[in-house]
Amino acid sequence: DALSPVLIGFAVAYLLFPVCDFFEKKVCGFIEKKKPRPRLRRIAAVVLTLLAATAFLVFFVWMLVPQIKASYLNLEATFDTYLEKASVYLGEVTAKYTEPGTEPVFDSAALLDTVGGWIDSLFDQVGNFMSSAVSYSSKLLNTIWRIIFSLIFMVVFLVEKDAIGARLNSIASTLLTRRGKAFCDKWVRYTDESFGGFISGKILDAVIITLINFIVFGLAGIPYYPLVSLVCGVTDVIPYFGPFIGAVPCAFIILIADPIKMIWFIVLTLVIQQCDGNIIGPKILGEKVGVDSLMIVVAITVSGRLWGLVGMFIGVPLFAVLRQAVKELVESRLQKKHQRQAQAEIPVPCFVVEYG
């Protein structure tokens, strides 16, 4: 708990490193035209990175949050109307297929009352959570201070990236042998490529899918399309299972409003996911994580069971690193085994001395 601001700041800075490097190499090169100023160039790149991240958050809040809130309030207000219509429709269907003088196969009113009770309970829990979040001012203040310190550590990590790396490198050179240092450098580099490339790529992919969903669902007239687009986009960061996790509750929400639109939603979601899996995803991620489909399923299942949603997000790059370690260990053992077998198969020369 004490180190959480440091860890959060490092995690956010790690995600923003590619953006900062882009600004430093491509945008801030004019700073060093007359003489080298690496410190000033890095600070300018960090400032531009913070401005870009702030602009993105402001755009997100300004564009999506009001529409998401309106969709949620509209859904809560009109849910009773949808439930009453569904009750009437199920009652007509039950009466149509029930013989006179017999009891219906199932009580549609009781069923819908049960479902309505579950949904009302969910709305009540969301409302209680929002009210309790405002009432607990001390916890809210603690969270604000934690966020501020996390931002400070994030800026420090971005500015002092090279210096921190040089210090860690000198410590490793002092404590480890040359062979151990080379081993650590190799695996730190591979882990950075696996985690950094995959996580930043998946976040960028999720942002693109969210914008595509927002445009496509809006043009198609999908009910509550801002809320649906956000849910489908956020869950898209989870490999393999993410689109299904987000599509199921969204399909239920759309079914309540318009069953025909639910069919369109499913069709459009399948088309967008096919484009994401075959075009957008490979273009962004490339071959950064060489894990097959079976290993992805195993990674998400195991890591999700251990660490929840965060585990489902980091499980694939973690298993990619473990897979590479096991692969190199097996190849090393096989190579040594083949060398021993080759040495054992070399014929030993025999010299025969004849006495005449």
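User: How many salt bridges does a search of the whole structure find?

Analyst: Side chains of opposite charge can pair when their charged atoms come close. A salt bridge is counted where a side-chain nitrogen of Lys or Arg lies within 4 Å of a carboxyl oxygen of Asp or Glu. The search finds six salt bridges here. Please note that this is a predicted model, in which local features need pLDDT of at least 70 and side-chain atom pairs count only at pLDDT 80 or more, while totals for chains, interfaces and linings use all residues. Residues are numbered from 1 along each chain as its sequence is written, and side-chain values use heavy atoms, with hydrogens and water left out.

User: Which residue forms a salt bridge with Asp 162?

Analyst: Asp 162 pairs with Arg 42, and their closest N and O atoms are 3.2 Å apart. This pair links distant parts of the chain, since Asp 162 belongs to helix H6 (residues 161-175) and Arg 42 to helix H2 (residues 38-63), 120 residues apart. Helices are DSSP runs of H or I with at least four residues, numbered from the N terminus.

User: Is Arg 42 buried or exposed?

Analyst: The terms rest on relative accessible area: buried means under 20%, exposed over 50%, and partly exposed in between (1.4 Å probe, protein chains only). Arg 42 counts as buried because its relative accessibility is 7%.

User: Where do Lys 181 and Asp 185 lie?

Analyst: Both are in helix H7 (residues 178-220), four residues apart, which is about one turn of the helix. Lys 181 is buried at 13%, whereas Asp 185 is partly exposed at 30%.

User: Which side chain meets that of Glu 328 in a salt bridge?

Analyst: It is Lys 186, at 2.6 Å from N to O. Glu 328 lies in helix H11 (residues 293-344) and Lys 186 in helix H7, 142 residues apart, so this pair links distant parts of the chain. Glu 328 is partly exposed at 24%, and Lys 186 is also partly exposed, at 36%. Elsewhere, salt bridges that share partners join Glu 24, Arg 42 and Asp 162 into one network.

User: Which residues form a nonpolar patch on the surface?

Analyst: The patch consists of Ile 144, Trp 145, Ile 148, Phe 149, Ile 152 and Val 156, with about 540 Å² of accessible area together. Patches are made of residues with over 30% relative accessible area and no salt bridge; like charges are joined within 9 Å, and nonpolar side chains (Val, Leu, Ile, Met, Phe, Trp, Tyr) within 5 Å. Accessible areas come from the Shrake-Rupley method with a 1.4 Å probe, and for residues only the protein chains shown count as cover. Ile 144 lies in helix H5 (residues 137-159) and counts as partly exposed because its relative accessibility is 42%.

Conventions. Helix = DSSP H or I, 4+ residues; strand = E, 2+ residues; numbered from the N terminus.
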